[in-house]
Amino acid sequence: MDLTKASLLREMLTGTELGSRTTEFAHSLRRFTTRTGGLMLFGPADDEPWHLTAHLDDELHRAGIEDIRPSLVRWAPPPDAPPHLSIGLDRLRESGRGESLLVVTEQTPADTLLERIDDVRRRGTTIFSIDNGNKDLASLSHESLVPELLVPSSFGTGWVSHPVGQDHDEPDHGRHAIPDETLTALREAVAGFEMTQHLVSLAVADEDTGQPSGWRRSLRTFIERLSGEPA
């Protein structure tokens with residue numbers, strides 16, 4: 001799904017639980033990542049979240065937000081990998097307060113994955129997850145998104161392509177109608193993880209996320225260092 005189709009999908013979901021929850025989740029991700037370079041993405045060894053990392057990076061760069069550009073943490077990066085793809089598990093051992101770990105797993109997380117997440121949480125890092133509703137992962141996450149719980153079973157059925165700015169009773173001459181291929185892509189994407197990741201990546205770059213700036217951001221960081229769990 002390209003940026004145009006993803007943006008259209010987000011607009012169509014405005015006011016729905018799915019649209020609201022993905023936006024709130026993305027804004028929390030911004031608010032609690034107060035350390036420069038403190039946004040990390042992590043997942044199973046056989047399904048690392050390349051897709052979401054790339055989209056988050058694109059949207060944050062497009063919005064001129066350079067201080068929380070995401071890092072993909074890999075289980076075993078090859079020695080010849082480029083710098084942005086060579087971040088290994090040592091990065092998790094160095095994590096701490098003011099940073100966020102976004103865990104993306106469509107499958108039931110293995111014990112080894114949960115153990116790594118638990119270690120990171122103990123260091124004071126805020127844990128976010130997009131997953132299938134696993135209870136163990138939920139217990140470790142400060143905030144979770146479970147796509148299948150947000151998408152009604154009937155969502156995406158019976159969609160009609162109406163011309164923009166035209167009364168529905170008037171004949172559709174196709175001049176401004178949503179292309180069939182766009183609607184097809186939206187129906188397919190609404191099934192779950194791909195759609196959710198696109199919505200999060202778009203919302204994380206919103207101008208007004210409640211993100212503290214200037215002295216407020218410095219104060220939040222200072223308070224986090226003193227208190228333990230992020231406020």
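Predicted model: local features only at pLDDT ≥ 70, side-chain atom pairs only at ≥ 80, totals over all residues.
Trainee: What makes the span of helix H5 close to the expected one?

Mentor: Helix H5 covers residues 111-122 and has 12 residues. The expected span is 1.5 Å times one less than the number of residues, which gives 16 Å, and H5 reaches 16 Å from its first C-alpha to its last.

Trainee: Why are the buried residues of H5 said to lie on the same side?

Mentor: The buried residues are Leu 113, Leu 114, Ile 117 and Val 120. They cover an arc of only 120° around the axis, and therefore share one side of H5. In general, an α-helix has 3.6 residues a turn, so residues three or four places apart point the same way. The face turned away from the buried side of H5 carries the exposed residues Asp 111 and Arg 122.

Trainee: Which elements do the buried residues of H5 pack against?

Mentor: They pack against strands E1, E3 and E4 and helices H4 and H6.

Trainee: Why is the pair of Phe 42 and Trp 75 called stacked?

Mentor: Planes under 30 degrees apart count as stacked. The planes of Phe 42 and Trp 75 are at 25°, with centres 5.1 Å apart, so the pair is stacked.

Trainee: How do you know whether Phe 42 is buried or exposed?

Mentor: Buried means under 20% relative accessible area; Phe 42 has 0% and therefore counts as buried.

Technical notes
Residues numbered from 1 in each chain as written. Heavy atoms only, no water. Helix = DSSP H or I, 4+ residues; strand = E, 2+ residues; numbered from the N terminus. Buried < 20%, exposed > 50% of the residue type's maximum accessible area, 1.4 Å probe, protein only. Arc of directions from axis to C-beta. Contact = heavy atoms within 4.5 Å. Phe/Tyr/Trp six-rings, centres within 6.5 Å; stacked < 30°, edge-to-face > 60°.
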